[in-house]
There are 2 protein chains.
Amino acid sequence: MYTMSSEPPPTPRAAGRLSRSGVLEAAVALADREGLESLSMRRLASELGVVPMALYKHVADKDDLVAGMIDQIVADYRAPQPGLDWRAAVRGRIMAARDALHEHPWLRSALERATQRTPAVLGHMDAVAGELRRGGLSYDLVHHAMHALGHRIWGFSPEAFSDGAGSTTAPDAEPAPVDPAQLAAMAERYPHVVAIALDTAQRAPGGACDTEAEFAFTLDLLLDAVSSLHAAGWRSR
Amino acid sequence: MYTMSSEPPPTPRAAGRLSRSGVLEAAVALADREGLESLSMRRLASELGVVPMALYKHVADKDDLVAGMIDQIVADYRAPQPGLDWRAAVRGRIMAARDALHEHPWLRSALERATQRTPAVLGHMDAVAGELRRGGLSYDLVHHAMHALGHRIWGFSPEAFSDGAGSTTAPDAEPAPVDPAQLAAMAERYPHVVAIALDTAQRAPGGACDTEAEFAFTLDLLLDAVSSLHAAGWRSR
DNA sequence: ACCTGAACACCGTTCAAGT
DNA sequence: ACCTGAACACCGTTCAAGT
């Protein structure tokens with residue numbers, strides 16, 4: 001028996017070394033296979049043939065693990081073809097997000113639970129805002145449109161982020177004394193996100209996004225739209 | 001010290017007997033005070049001065065506890081004044097849901113995690129559908145409007161329910177061989193919800209709600225609306 | 001009918017130690 | 001630098017028993 005070593009090792013990746021991306025990949029695979037409820041640090045560790053605490057060298061804690069998983073997937077959202085007009089491009093990006101949600105059924109819950117916006121998440125927001133901007137919309141309207149599209153941008157509700165979909169302040173919820181160097185770095189990577197924030201700050205001296213007003217804006221937009229369809233004798237198909 | 005019994009008992013409700021509503025009330029109070037993460041069966045039990053297993057006489061399990069908490073609160077959504085037109089009435093109901101979300105910050109997560117639609121939740125849906133119907137909209141359009149309003153109806157995304165906001169099949173996800181008596185009971189309590197389901201079933205012989213089409217409907221509705229605002233030179237305030 | 005006690009099979013994470 | 005072992009302070013829930 002002992003000499004019949006033809007059977008492969010029972011899955012734990014033979015190689016000795018863990019890495020952050022290896023851990024994230026295994027976590028995504030586990031969640032895809034068995035759902036987010038089954039993803040525990042202990043379970044993931046045993047899957048990797050390693051003691052639970054070994055993971056903590058590559059991941060700060062469980063929240064960081066889940067943030068990493070989200071980031072990996074959002075970074076892979078496919079971009080629309082270059083030639084498209086702004087509407088088609090926005091539509092394409094939103095559909096790409098929705099596709100990811102279908103591929104990874106745990107993603108919605110993960111996004112809903114997430115407390116920080118990772119770079120890829122900010123990048124996706126920035127890309128959508130950029131397409132709208134390309135359509136000639138003012139940053140003010142882009143901001144409102146981001147709120148209205150809301151969960152469509154993710155395929156789910158982004159209000160999980162404490163300050164709303166179109167809000168663009170840094171991950172920290174506080175007004176936050178802005179470090180100019182940090183702001184410059186943000187503006188470099190997420191120009192539209194920052195532009196919206198500046199536009200909002202300029203418009204309302206408080207600077208904060210008025211989430212109540214945004215909610216009402218979208219609600220009335222939808223009620224108007226539905227009303228018009230009704231008046232026009234809309235029917236499906 | 002011992003005789004100085006002027007201090008009140010250290011909170012555990014003095015009275016001997018637990019009840020379902022007492023348990024739910026304490027759970028809501030605990031979640032209001034310390035958040036949903038702090039709500040555990042063990043913690044709640046100790047708050048009530050009782051052993052954890054005592055709760056299981058009044059609540060099937062933790063999911064049932066949370067469903068009960070939701071149901072209690074949704075049942076208390078205030079109804080709009082009777083005189084209002086349909087738009088104002090819909091608006092009022094949606095704002096009432098949003099108010100509850102502000103009052104109970106844990107409610108959004110609870111709703112997102114919930115797997116079953118409780119009577120009060122169905123009642124709220126039915127009431128919103130009823131207001132739209134009162135506006136003269138076809139059930140087909142009411143159905144689409146419910147999807148479009150989506151998370152606005154709750155103040156959050158209802159896609160947590162596996163089959164979408166406007167979907168109206170019974171809590172079980174399966175096509176489910178319909179028990180006529182059960183359907184009649186449903187139709188009695190939730191006439192509009194049932195009417196939408198029948199309308200949908202009639203329109204698409206499969207009977208199931210096409211969530212992809214509903215998603216696209218809302219997305220295009222919003223893109224159209226934003227587009228029009230832009231063309232009309234919209235600005236905020 | 002309602003509550004208890006002890007137990008089972010789990011969690012995330014800290015801390016001190018090994019190599 | 002990276003992984004381990006043992007421990008801490010928790011979970012939800014079953015099962016058999018008490019009153």
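In this predicted model, chain B can be laid on chain A with an RMSD of 0.0 Å, by a turn of 180° and a shift of 0.0 Å along the axis. That is the relation of a two-fold axis. The same surface serves both copies, in that 100% of the contact residues of chain B recur in chain A.

**Extent of the interface between chain B and chain A**

- On the side of chain B, 48 residues are in contact with 48 residues of chain A.
- The size of an interface is often given as the accessible area that is lost when the parts come together.
- For chain B and chain A, the area buried between them is about 4,800 Å², and 63% of this area is on carbon and sulfur atoms.

**Polar and charged pairs across the interface**

- The rule finds eight salt bridges across the interface of chain B and chain A.
- A salt bridge joins the side chains of R98(A) and E212(B), with a distance of 3.0 Å from N to O.
- Across the interface of chain B and chain A, 12 residue pairs are found in polar contact, with both residues of the pair at pLDDT 80 or more.

**What chain B brings to the interface**

- The elements of chain B that give two or more residues to the side touching chain A are α4 (86–103), α5 (107–113), α7 (139–149), α8 (151–154) and α11 (211–231).
- α11(B) gives the most to the side of chain B that touches chain A, with 17 residues.
- Divided by class, the side of chain B that touches chain A has 20 nonpolar, 13 polar and 15 charged residues.

**The protein around DNA strand D**

- There are 17 residues around DNA strand D, and those that come nearest are V51(A) and H58(A) from chain A, together with R42(B), M53(B) and Y56(B) from chain B.
- By class, the residues of the surface near DNA strand D divide into eight nonpolar, three polar and six charged.
- Of the atoms of DNA strand D that lie within 4 Å of the protein, 45% belong to sugar or phosphate, while the rest belong to bases.

**Backbone atoms and the phosphates of DNA strand D**

- In chain B, a polar backbone atom of M41(B) is 3.0 Å from a phosphate oxygen of DNA strand D.

Terms used
Residues numbered from 1 in each chain as written. Chains lettered and ligands numbered in written order. Predicted model: local features only at pLDDT ≥ 70, side-chain atom pairs only at ≥ 80, totals over all residues. Heavy atoms only, no water. Least-squares fit on C-alpha atoms with pLDDT ≥ 70 in both. Contact = heavy atoms within 4.5 Å. Buried area = accessible area lost by both parts, 1.4 Å probe. Salt bridge = Lys/Arg side-chain N within 4 Å of Asp/Glu carboxyl O. Polar contact = N/O pair within 3.5 Å; in protein donor to acceptor, adjacent residues only side chain to side chain. Helix = DSSP H or I, 4+ residues; strand = E, 2+ residues; numbered from the N terminus. Nonpolar A, V, L, I, M, F, W, Y, C, P; charged D, E, K, R; others polar. Near = heavy atom within 4 Å.
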